[in-house]
2 protein chains.
Amino acid sequence: MNAPQDSAQLLPQIAPRPVPQPLIDALSARFGAQCSTALAVREQHGRDESPFTTVPPPAAVVFAESTRDVADAVRLASEHAVPVIPWGVGSSLEGHVLAVQGGISIDVGRMDRVLSVNADDLTVTVQPGITRKALNDAVKDTGLFFPIDPGADASIGGMTATRASGTNAVRYGTMRENVLALEVVTASGEVIRTGTHARKSSAGYDLTRLMVGSEGTLGIFTEITVRLYPLPEAVSAAICSFPSVEAAVRTVIQTIQLGVPIARVELIDANSVRGVNRHSKLNLREAPLLLMEFHGSPAGVKEQAETVQEIASEHGGADFEWADTPEERTRLWTARHNAYFAAVQSRPGCRCITTDTCVPISRLADALLDSVAEADASGISYFLVGHVGDGNFHMGYLIDPDDPQERALAEQLNHQLVRRALRLGGTCTGEHGVGVHKMDFLAEEAGAGAIEMMRAIKRALDPKNILNPGKIFLL
Amino acid sequence: MNAPQDSAQLLPQIAPRPVPQPLIDALSARFGAQCSTALAVREQHGRDESPFTTVPPPAAVVFAESTRDVADAVRLASEHAVPVIPWGVGSSLEGHVLAVQGGISIDVGRMDRVLSVNADDLTVTVQPGITRKALNDAVKDTGLFFPIDPGADASIGGMTATRASGTNAVRYGTMRENVLALEVVTASGEVIRTGTHARKSSAGYDLTRLMVGSEGTLGIFTEITVRLYPLPEAVSAAICSFPSVEAAVRTVIQTIQLGVPIARVELIDANSVRGVNRHSKLNLREAPLLLMEFHGSPAGVKEQAETVQEIASEHGGADFEWADTPEERTRLWTARHNAYFAAVQSRPGCRCITTDTCVPISRLADALLDSVAEADASGISYFLVGHVGDGNFHMGYLIDPDDPQERALAEQLNHQLVRRALRLGGTCTGEHGVGVHKMDFLAEEAGAGAIEMMRAIKRALDPKNILNPGKIFLL
């Protein structure tokens, strides 16, 4: 981890709280070998996929193996008013797991079991440490699948905490729509349950939805019940290349406005295609591409594809290239999921500052094209990928972390892009979360009154401010 | 309004807070003719469609015409620590608008404008007083529609406050999934905004979802942005009769488990059919019926209908009777929406105690059939309707409000039904809300820890407990 000298400047400046030795002793006594203070372990839990680093890493790491373990760790930390930071697999792009105010890390990675598959109800209850791929492996014999797929093989706990989505959200929704119920350890170490296994409910405050996207600041998830979906009878995937990003985007806007129930529609620009081709040994045309997938009955899939093909051709799209076998489709979507890593690897030693705005679909062209033009004009290295059916896209600015000018340029472009999205009625983050770096954007987006309401909720549920402090907003 | 002597016993026993004359004077000075203390007006705002009544009605009614009006009324009430109760059209079935702890009513019925139709984004922003039918009338030239349809022509504000749904929820979701953004007057009379017009967001706590279903206890909505959907290219509705409720329910369970994207699938029992036939001058077969609707392309609709027809015939369902023209469909669904009123009118002078449990789809037969058997065995007058695709059904017990034994019997059946639903992993209320009468059920369902979390949020956002107190839980 070669942290650039100035990375700390990107983080809110609040001194870490001390972690007293009696807490470490108590954790060691309670957890034995499940508690580590080894520097390598701490450092591993002190960083994620974000370009932000922090000094110091957490003072200790507890490897929880049960709800009881999590509750006990939180209770001990609460007694000493010491921050606790939940850890899944560390794939956050926004610094969610960094110990910016000190504290201990609670690693739930060993809590990775499927607790019950309720195939008849199209739900599954899991522990938070299971990853999305492991979850899908576990249910693959049921004829059902879990559609939410951020780029990384993230943990379900982390995905719940960041209200994650991915390529299937245009049809299946995000974690907001797909988490039904939770078991949560609160700031005092109490264990509560939110929601039920019913599909809908009007029973009191929607604590489940309040917890989803709370980034570890309101509770630590120990059980998560999510919806599953029948594997579609027919699946067709296709690639279509376009003469410009604009042509691709206009195709998507029209598809969504017509209500075509497309399952996936992803934009990748020529820069991303180059990275993906190199990384995944593909031969995709180096042009703006839409990667699409259609789910349904054989006839329904055919109908959808014909409609979109017609729209695409109006915008100069080339013929669809079909990925017909499961193997071809897996190859295609794996390549898409690797776009981020492919791009980052295209410039050795670089770090990536990733934008995540999401705008109403009618404003997508405005939001995206101006941002591309600004990036082109600036000369920065970048790539563009997007869950464009949702109005969500990511510019990845590839910077030399040791070059303050590059970093400043990326930040400036990012600011312009976010401001534009907010002007267009959008949000600063569609799926990555606020973390440590988007607090100012959130304040601008939500307004003082809404932020104060969030703070009031946080103070009420976590009076000692020990649950992942320094994320989303400062108290 | 002939309140039964014992109706107050159903309500939590907290003495109404006094409404001081200086507040009435201040409201009159600020609002002039928009503020009424006439008994008839107050009484009208002191009851709803629930079997509960309260003495006294609110001390005054403010007819708000703008966000500013709502904010000013709340601010004045806050100065005197007096409860404020938002009012839409009074169609609540759970006593939401009753002044159980005294206070003033804020009627937002005059705030019924469509503020902006964003057809290209499939959203519309409205004031809270507009009803669901008026909203659909307002957007009908756009080729879009708003699908959420509780039985009554409720206000969008009330539907947001109760997390309402209806017959289309099985395909289009509930208010939880369909409210994108809100303008809210807080307990201090401040105006905040939650959410954006983007389809998804990970920007901080999900205040929108916290407000949806909060039953007026966390804020008063003054603007609501909801999703719209393209009118389906093809629509087909059908009725199918079954030899038993069980056969109908098993057809539904299999349909949902297969992932058929059915738009509506409603169960009405023979009792309901009789009421509906009489009320709506129809000649439906007096047997358990499923009323269904399919949305999609012509080919898609045909496919769905064939699949369901096959499942139905396996369970002894009769041939589908099709409602092919828009007029026939409207007649059918109007009859369904009137089932509640038709049943209530079938026994002059009766009141209806309506259950609202929702269970995981695989447990629907268990939940529903045992409840029907208990009602049959008890000899009570009842009817059964259900949004069965969601696992949600309503038993309506028709009681003589002046007969304590009938009331006690209905309450006993209701308790057994709810307990059963909770045992089966369900919820005590799928769409009506908790209001004044389901607090004990909610406490049982959510558990002490979750209720305490709800209370903590309420205390944090409404420290004087003036926003619709005495609903959901007692502080």
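Buried area is the accessible area, taken with a 1.4 Å probe, that two parts lose on being put together, summed over both. Keep it at hand for the exercises below, which use a predicted model: local features need pLDDT of at least 70, side-chain atom pairs count only at pLDDT 80 or more, and totals for chains, interfaces and linings use all residues. Residues are numbered from 1 along each chain as its sequence is written, chains are lettered from A in the order in which they are written, and side-chain values use heavy atoms, with hydrogens and water left out.

**Exercise 1.** Work out which rotation superposes chain B on chain A.

Solution. Superpose the copies by least squares on the C-alpha atoms of residues with pLDDT of at least 70 in both.

**Exercise 2.** Describe how much area the two chains bury and where chain B contributes.

Solution. Start with the total: chain A and chain B bury about 6,000 Å² between them, and 59% of it lies on carbon and sulfur atoms. Next, find the residues of chain B that lose the most area to chain A: B:R199, B:K200 and B:Y205, together 17% of what that side buries. Then count contacts (heavy atoms within 4.5 Å): 78 residues of chain B touch 79 residues of chain A. Finally, compare the two sides: 100% of the interface residues of chain B are also interface residues in chain A, so the copies meet through the same surface.

**Exercise 3.** Find the salt bridges between the chains, and say which element of chain B gives the most to the interface.

Solution. Look for a side-chain nitrogen of Lys or Arg within 4 Å of a carboxyl oxygen of Asp or Glu. Between chain B and chain A this gives 6 salt bridges. One of them joins B:D390 to A:R199, with the closest N and O atoms 3.6 Å apart. Now turn to the elements, with helices (H or I, at least four residues) and strands (E, at least two) taken as DSSP runs numbered from the N terminus. Those giving two or more residues to the side of chain B that touches chain A include α9 (245–257), α11 (298–314) and α16 (439–461) of chain B. The most comes from α16(B), with 12 residues.
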